[in-house]
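Thank you all for making time this morning. I would like to walk through one protein with you, going from the overall build to single residues, so please keep the picture in view while I talk.

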Amino acid sequence: MALTVAALGVLGGCETRPPVELRTEACSGTPALRGVSYLRWRVTGEGMEPREHFTTVEVGVAGVPAIPPGKGRVVEVRGYTAMPRQGGRVVAVGRSHPFEVGGGEAPAVTIALRRVGEFVRPRLAQGCAGLGEARAGHTATLLEDGRVLLAGGVRLGADGRPATVSAVEMFNPATDTLERVPALDSARAFHTATRLPGGKVLLVGGEEETSGGTRPLASARVLDVTAGTATPVEGLRARGHHAAAADASGRVLVVGGVGVNGEVVSEAEGYDAATGRIFQVGTPVRRVGMGVSPVGDGRRIAVVGGSDGTALVPEVLFFSYQGDTFVAEDTGERLREPRRDAALVPFGGPGRLLYVGGHSSAGAAMTDRLLASSQLVSPDAASRQGQGPQIFARSEPCAVALQDGRVLTLGGWGNADLGDLVSDAHGELFVPGAEGGAAGLLGLPELERSRHQHTCTALEDGSVLIAGGLEEDGVRRTTLDDLLLYMPVPLD
């Protein structure tokens with residue numbers, strides 16, 4: 001069922017109620033409106049006090065509060081089993097993309113209402129089908145307009161042989177639509193995709209499956225989704241399984257990875273989105289399986305953990321742009337438990353990162369080396385609190401920071417009952433401790449299908465998109481083509 005209201009026109013003082021469509025369809029899970037008696041509508045934005053209004057579910061979108069002119073307007077709706085003062089629970093949440101109201105006019109607004117606490121498959125325009133092409137080892141990039149760009153990857157054929165994917169797809173979470181966009185000029189997997197200012201995305205390196213084996217790629221492209229263009233970037237080293245992140249000014253740091261003849265790449269490189277310039281970074285970063293992330297206000301980029309190919313690296317480096325390149329700062333921060341193939345994500349306040357899971361072998365993951373721990377890291381000694389929460393032991397989990405400060409982890413390589421290394425279906429939700437206290441840990445429902453080499457993307461509406469991956473149970477290996485959404489229960 002989809003609830004829709006026509007535009008109600010301009011109100012007094014140039015306020016207006018936009019035409020709103022509330023989408024409630026899904027292909028699995030509990031229907032979004034089941035058990036919902038009341039809807040809470042809330043409008044926020046720049047320069048305005050939040051406006052809130054409860055309606056019965058029958059009133060629907062007609063209960064949207066009037067919206068004053070201004071930027072960054074967001075409409076949120078929550079479905080309650082009863083009024084909160086009567087013990088009602090939140091069972092569904094939806095939130096719009098930010099929009100502008102000018103001169104009493106507002107654009108049409110579409111909100112997808114998600115059931116909380118469940119993994120659901122969205123109902124796409126083509127029905128309950130998933131991705132246009134099964135993929136693992138791909139990238140998922142949240143764009144400025146709220147859509148998600150899914151690029152590249154690898155899939156297993158009927159004969160079990162891998163083939164690299166060139167297909168690119170775009171998921172719009174507001175309308176639950178999935179569309180194909182122009183394919184990459186070269187297939188690639190295990191590359192990086194970094195969002196740049198202006199809605200562009202930098203794709204760097206990766207690897208390609210050929211008749212002669214796996215080949216690392218030196219090619220890079222700047223994708224402009226709005227213009228539908230792909231601009232080549234020349235001068236980067238060939239590498240796959242590397243890592244990259246952009247600072248607050250749109251300069252991208254590219255480090256580590258596997259290069260020609262399987263050697264771990266030492267040279268770090270940079271890309272300046274404002275000028276299109278490639279530049280060399282003086283500090284070598286010979287690592288694979290490390291985590292890279294902006295930290296704090298985005299002026300620093302952290303490089304954490306990983307292996308140099310023969311030994312684990314405990315040093316944590318923080319890079320900042322100085323002069324005409326990135327310069328490394330060694331703050332003395334070290335991992336208490338060195339690891340590789342862990343997930344690095346902001347957590348628990350400005351300037352702090354959480355390094356989650358991974359394994360303690362310098363090479364490939366082994367069943368007796370999977371880690372069930374995490375560690376907090378920061379360039380500021382006063383912000384460090386050492387060990388983080390425990391998790392299910394697994395390597396290569398995905399981890400995403402939610403808008404409210406929590407962190408969701410999901411999937412990866414785990415242990416089977418017989419000790420085999422298999423895909424994992426577990427997930428956790430980390431809750432930061434109040435005023436720097438100990439973090440809490442909540443379990444999530446298990447995924448219907450376990451997976452690793454998948455992607456998790458935190459969306460603007462507070463939900464998390466899980467796409468594709470590889471399912472391996474010790475007997476069969478299957479490349480997944482599904483899309484799942486998970487909406488955590490809100491904290492407030």
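How many helices and how many strands does the protein have? The protein has 0 helices and 44 strands, where helices (H or I, at least four residues) and strands (E, at least two) are DSSP runs numbered from the N terminus.

Before going further, a word on where this comes from: it is a predicted model, in which local features need pLDDT of at least 70 and side-chain atom pairs count only at pLDDT 80 or more, while totals for chains, interfaces and linings use all residues. Residues are numbered from 1 along each chain as its sequence is written, and side-chain values use heavy atoms, with hydrogens and water left out.

Let me begin with the overall dimensions. Along its principal axes, the C-alpha trace spans about 65 × 55 × 50 Å.

Of the 492 residues, 54% are buried, where buried means under 20% relative accessible area, exposed means over 50%, and partly exposed is in between, with a 1.4 Å probe and protein chains only. The accessible surface comes to about 19,800 Å², and 49% of that belongs to carbon and sulfur atoms; these areas come from the Shrake-Rupley method with a 1.4 Å probe, and for residues only the protein chains shown count as cover. If we take contacts (heavy atoms within 4.5 Å) between residues at least 6 apart in sequence, 52% of them join residues at least 24 apart.

Now to the interior. In soluble globular proteins, nonpolar side chains tend to be buried together. Here the largest nonpolar core has 23 residues, and those with the most contacts inside it are Trp-41, Val-75 and Ile-111; such a core is a set of buried Ala, Val, Leu, Ile, Met, Phe, Trp, Tyr and Cys residues joined through side-chain atoms within 4.5 Å. At least two residues of this core are supplied by each of β2 (20–23), β3 (38–44), β5 (70–80), β6 (90–95), β7 (99–101) and β8 (109–112), and β3 gives the most, with 3 residues.

Which residues is Val-75 in contact with, leaving aside its neighbours within four places in sequence? Its partners include Trp-41, Val-43, Val-64, Ile-67, Phe-99 and Ile-111, and among them are also Arg-42 and Arg-95.

Next, a few loop residues. Phe-190 lies in the loop between β16 (177–181) and β17 (192–195), and its phi is near 55°, a positive value in a residue other than glycine; at a relative accessible area of 17%, Phe-190 is buried. Asp-341, in the loop between β30 (325–334) and β31 (343–346), has a positive phi of about 60° although it is not a glycine, and Asp-341 counts as buried at 15% relative accessibility.

Is Ser-378 buried or exposed? Ser-378 is buried, with a relative accessible area of 1%, and is found in the loop between β33 (374–377) and β34 (398–401). The C-alpha atoms of Ser-378 and Leu-353, which are 25 residues apart along the chain, are separated by 6.3 Å. Arg-476, by contrast, sits in the loop between β42 (470–472) and β43 (477–479) and counts as exposed at 57% relative accessibility.

I will finish with two strand residues. Leu-317 is found in strand β29 (residues 315–322) and counts as buried at 11% relative accessibility; not counting residues up to four places away in sequence, Leu-317 touches Arg-287, Ile-301, Ala-302, Val-303, Glu-329 and Asp-330. Ala-401 has its place in strand β34 and counts as partly exposed at 29% relative accessibility.
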